[in-house]
Amino acid sequence: RLGHSPVAAQHDSVSLRPEPPLVAAAAAASTTTTAASTAVSAATTASAATGRDVDPCGPRLKKRCYLSARDDFDGSSVDGALWNVEVRNDGIRSGGDEAQYYVPEGVSVRNGALTLQLFYDGGGGTAQGQKCNMDPLSFYPPQAHLSVGFDSVCDQSDRRPPTGFFSGRINTMGKAALKHGVLEARVRLASHNEYSWSAFWLLGADFRSVGWPFCGEVEITEMWVTKVSWDNAVGKAMVPCLTAHTSNAPPPVGGWDGRDKLRWVAFNEGGYDQLVRDGKVDPAGYNVYRFEKEPDSLRWFVNDEPVAEARRRKGDGGLELRVRNDSPDGWGRWFGRGLWKPFEQPMFVIFNLAFASKTSHPQQRLDQYRSHLRDGIAQLDSASIDWMRMWEVE
């Protein structure tokens, strides 16, 4: 079993400074949903109230599970026995791909939910006194720091000037991880700013020792800057999707060079879009996500609807995946390459709200966006998690 099982009452918590105030526009936008999305929200609330503490493994996995981690966010601060609140300004990937500075002020617990706040502080006061708490972590494998000069997270954080954009990111690294079992959570992704990029996801527990992508990565759900017009009058909304990242080869034994970071495989799929059009998923509201992890398979669900599944490919130990779509049998074809091995290990949870990836928002667009903001604090977007349960096979 996991070394830490934070199932009892609240333990030592991380004390947070006051969050920036919500603006009326964001609050008003969050209430403008269609009748279909309102029905989705009501259904997921009822499901959450009746089923969150019932072992889900029996009907699905034909096994018994124990509750290894849980959080209802019914206190007033983050449960520090389960969650780490990240402080970092590195932009995540080498070169600072994202604009946000992750700070404690970007995380709050109130009204029975944990909320990540994306905000702008033109005065710069939020950046004062912040100290990166992610050392000796490096995004890429540790060998990269020695052989090709990729700095650690905190080295990059100390070097990069604050952009004025701040947000929140939490993780369960070293405190709770899922090896085989079920992870369930009721999550609302950020949806009111086209620069937002929020995700509820997993990384392999050996991330510190082998780095990414060799540790494996699974997005249970994420929603970022792509906009699509839906047919059911939801309006322009970002596409909720799922992701699996793995590598084409094992971590190098004799050394690491810049080419090795390219040996990764991404399955970025909009597996939720058909369910949005059918009114079964609310892209701007809460949805209940379930992720099932077994030795030879991974499965994604939202509001009890199957979305995708991955499996170990017979013969070569590779990974293949298929996604629900609008084909006659309701599923796409099996496809894939890369290794299954990264998904054999335990994986820890991350919940974050990023801002303005360089991939889709170059610096010029970001500067134009900033020019419309006033000095002081402005709330830009938010993402929330209502509850989470982690069930491990006995």
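Cys-57 and Cys-65 are joined by a disulfide, with their sulfur atoms 2.0 Å apart. You are looking at a predicted model, and by the distance rule for sulfur atoms the count comes to 2 disulfides. A search of the whole structure also finds 25 salt bridges. Below, we start with the cysteines, move on to a strand and the charged residues, and finish with the confidence of the prediction.

**Disulfides and cysteines**

- The link of Cys-57 and Cys-65 is left-handed, with -95° about the S-S bond.
- The link of Cys-132 and Cys-154 is left-handed, with -80° about the S-S bond.
- Cys-132 has a relative accessibility of 15%, so it counts as buried. Cys-154 is at 3%, which means that it counts as buried as well.
- If you number the bonded cysteines of the chain in sequence order, the pairing reads 1-2, 3-4.
- Cys-215 counts as buried because its relative accessibility is 0%.

**Strand E2 and its partner**

- How many of the 7 residues of strand E2 (residues 65-71) are buried? The count is 6, so the strand is largely enclosed by the rest of the structure.
- E2 pairs with strand E21 (residues 377-393) in the antiparallel sense, over 6 bridges.
- To find one of these places in the 3D view, look for Tyr-66, whose bridge partner in E21 is Glu-392.

- Side chains of opposite charge can pair when their charged atoms come close.
- Asp-72 takes part in a salt bridge with Arg-52, at 2.9 Å from N to O. This pair connects distant parts of the chain: Arg-52 is in the loop between helix H2 (35-51) and helix H3 (57-61), and Asp-72 is in the loop between E2 and strand E3 (78-79), 20 residues apart.
- The side chain of Asp-72 also meets that of Arg-70 in a salt bridge, again given as 2.9 Å from N to O.
- How accessible are Asp-72 and Arg-70? Asp-72 counts as buried because its relative accessibility is 18%, under the 20% limit. Arg-70 has 24%, so it counts as partly exposed.
- Asp-367 and Arg-370 form a salt bridge at 3.0 Å, N to O. Both lie in helix H8 (residues 363-371), 3 residues apart, which is about one turn of the helix.
- Asp-367 is partly exposed, because its relative accessible area is 35%.
- A network of salt bridges links Arg-60, Lys-63, Arg-290, Glu-292, Glu-294, Arg-299 and Asp-304.

**A closer look at Arg-312**

- Arg-312 belongs to strand E18 (residues 305-312). Its relative accessibility is 29%, so it counts as partly exposed.
- Which residues does Arg-312 touch, leaving out those up to four places away in sequence? They are Pro-295, Asp-296, Gly-317, Gly-318, Trp-340 and Glu-344.
- Two of these contacts can be followed atom by atom. A polar atom of the Arg-312 side chain lies 3.1 Å from the backbone oxygen of Pro-295, and the side chains of Arg-312 and Glu-344 make a polar contact at 2.9 Å.
- Trp-340 is 28 residues from Arg-312 along the chain, and the C-alpha atoms of the two are separated by 5.9 Å.

**Confidence of the prediction**

- The chain has an average pLDDT of 77, and 71% of the residues score at least 70.
- Where does pLDDT stay under 50? One such stretch is residues 1-38, for which the model has 73 contacts beyond four places in sequence. Another is residues 225-237, with 33 contacts of that kind in the model.

Note on methods
Residues are numbered from 1 along each chain as its sequence is written. This is a predicted model: local features need pLDDT of at least 70, side-chain atom pairs count only at pLDDT 80 or more; totals for chains, interfaces and linings use all residues. Side-chain values use heavy atoms; hydrogens and water are left out. Helices (H or I, at least four residues) and strands (E, at least two) are DSSP runs, numbered from the N terminus. Buried means under 20% relative accessible area, exposed over 50%, partly exposed in between (1.4 Å probe, protein chains only). Contact means heavy atoms within 4.5 Å. A polar contact is a pair of N or O atoms within 3.5 Å; within protein, one must be able to donate a hydrogen and the other to accept it, and residues adjacent in sequence count only if both atoms are side-chain atoms. Two strands pair if DSSP finds at least two bridges between them. pLDDT is the predictor's confidence in each residue, from 0 to 100. A disulfide is a pair of cysteine sulfur atoms within 2.5 Å. A salt bridge is a side-chain nitrogen of Lys or Arg within 4 Å of a carboxyl oxygen of Asp or Glu.
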